[in-house]
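Please walk me through how this fold is put together.

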Amino acid sequence: MKILVCISNVPDTTTKVKFTDNNKQVDDAGIQWIINPWDELALTRAIELKEDANNSIDEVCVINVGLSKCDATLRKALAIGADKAIRVDADPLDAYYVAGQIAHYLKNNPFDIVLSGIESSDYNGSSVGGMLSEFMDCPAISSMTKLEVENGNVIIHRAIPGGKQILELTPPFVGIVQKGITNEPRIPAMRGIMMARKKPLEVLPAVDVESLSHIVEFELPPAKASCKMIDAEHLEELVDLLKSEAKVL
């Protein structure tokens, strides 16, 4: 059984975002790129399953749609424990374009389980996993918080309002992962970093997929107002500000 994990290359969450080209492009200068946190959790869980001798997972592969700047992120995924990496050499124009590129690879290279983070920490679109399942004409399971493999069947827990749902299904399927799928992301060890240099990172040309949306403009949120300190003896002033400025009362 083989698992493919979709990896998005995103700015570190502490990055101070700036824009160029009349606010139509993100300024890459000084950005530290990382694996999207939800994708990293999916990858960690896939590796945990492979390391468990009680199931039949024999390969974990990662795939990314992006330019050469994504290679360092994919090497980190290999250092964490992925067996190989695939990069479709293209600018990820929108979610539909990304899903189409990954689906084309899967049609020629089938996997039993495809995992995707519930969203990316940059655009928060929450779209690629669902679109990918439509391209592949296979089930998509969203909000996954637990993934187990038993005797060729897959047991999944997913979060629902007020509780959880437990599903059993047979691959192939697309799993959309959220927090809870594993305790914490795995940190590459020195041995993993050294081994990653020898693992395959295959770069493939993009196929003709139409993007269905384009960015008109980015806009930063309004700056937060300065913090006002109210003396503990002046409760009436605090109440007045909560009513007139914060408008929470």
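In this predicted model, I63 stands opposite I86 of strand 7. The two residues belong to a parallel pairing: strand 6, residues 59–66, runs alongside strand 7, residues 84–89, over six bridges. To get from strand 6 to strand 7, the chain passes through helix 2, residues 71–80. This β-α-β crossover is right-handed.

Strand 7 also pairs with strand 13, residues 201–205. That pairing is parallel too and covers five bridges. Here D89 has P205 of strand 13 as its bridge partner.

Strand 10, residues 153–160, pairs with strand 11 in the antiparallel sense over seven bridges. Within that pairing, A159 faces K164 of strand 11. The two strands form a hairpin, with two residues between them. Look at G162 in the turn: its phi is positive, about 85 degrees.

Strand 9 spans residues 140–150 and strand 12 spans residues 173–177. They pair in the parallel sense over three bridges. M144 has V177 in strand 12 as its bridge partner.

Next, the helices on the sheet.

Two packed helices are described by the angle between their axes and the distance between the axes. Take helix 1 and helix 2. Their axes come within 10 Å and cross at roughly 30 degrees. Angles under 35 degrees count as roughly parallel, so helix 1 is roughly parallel to helix 2. The crossing is right-handed. On the helix 1 side, the contact uses E40, L43 and I47; on the helix 2 side, K76, A77 and I80. By class, the residues of this contact are four nonpolar, no polar and two charged.

How do helix 3 and helix 4 cross? The axes of helix 3, residues 95–108, and helix 4, residues 128–136, come within 9 Å and cross at roughly 45 degrees. These two helices are therefore oblique to each other. Helix 3 passes helix 4 in a right-handed crossing. From helix 3, the contact takes in A95, Y96, V98, A99, G100, I102, A103, L106 and K107. They meet V128, M131, L132, F135 and M136 of helix 4. The contact of helix 3 with helix 4 has 12 nonpolar, one polar and one charged residues.

Finally, check the backbone. Most residues other than glycine have a negative phi, and most peptide bonds are trans. Which residue has a positive phi although it is not a glycine? D21 does, with a phi of about 55 degrees. Find D21 in the loop between strand 3 (19–20) and strand 4 (25–26). The other spot is a peptide bond. P171 and P172 are joined by a cis peptide bond, with omega about 5 degrees. P172 sits in the loop between strand 11 and strand 12.

Technical notes
Residues are numbered from 1 along each chain as its sequence is written. This is a predicted model: local features need pLDDT of at least 70, side-chain atom pairs count only at pLDDT 80 or more; totals for chains, interfaces and linings use all residues. Side-chain values use heavy atoms; hydrogens and water are left out. Two strands pair if DSSP finds at least two bridges between them. Helices (H or I, at least four residues) and strands (E, at least two) are DSSP runs, numbered from the N terminus. A crossover is right-handed if, with the strands pointing away from the viewer, the path from the first strand over the helix to the second runs clockwise. Axes are lines fitted to C-alpha atoms, for helices over the stretch in contact, and angles run from 0 to 180 degrees between N-to-C directions. Angles under 35 degrees count as roughly parallel, over 145 as roughly antiparallel, 65 to 115 as roughly perpendicular and the rest as oblique. A crossing is left-handed if the near helix is turned anticlockwise from the far one by less than a right angle, and right-handed if clockwise. Contact means heavy atoms within 4.5 Å. Ala, Val, Leu, Ile, Met, Phe, Trp, Tyr, Cys and Pro count as nonpolar, Asp, Glu, Lys and Arg as charged, and the others, Gly among them, as polar.
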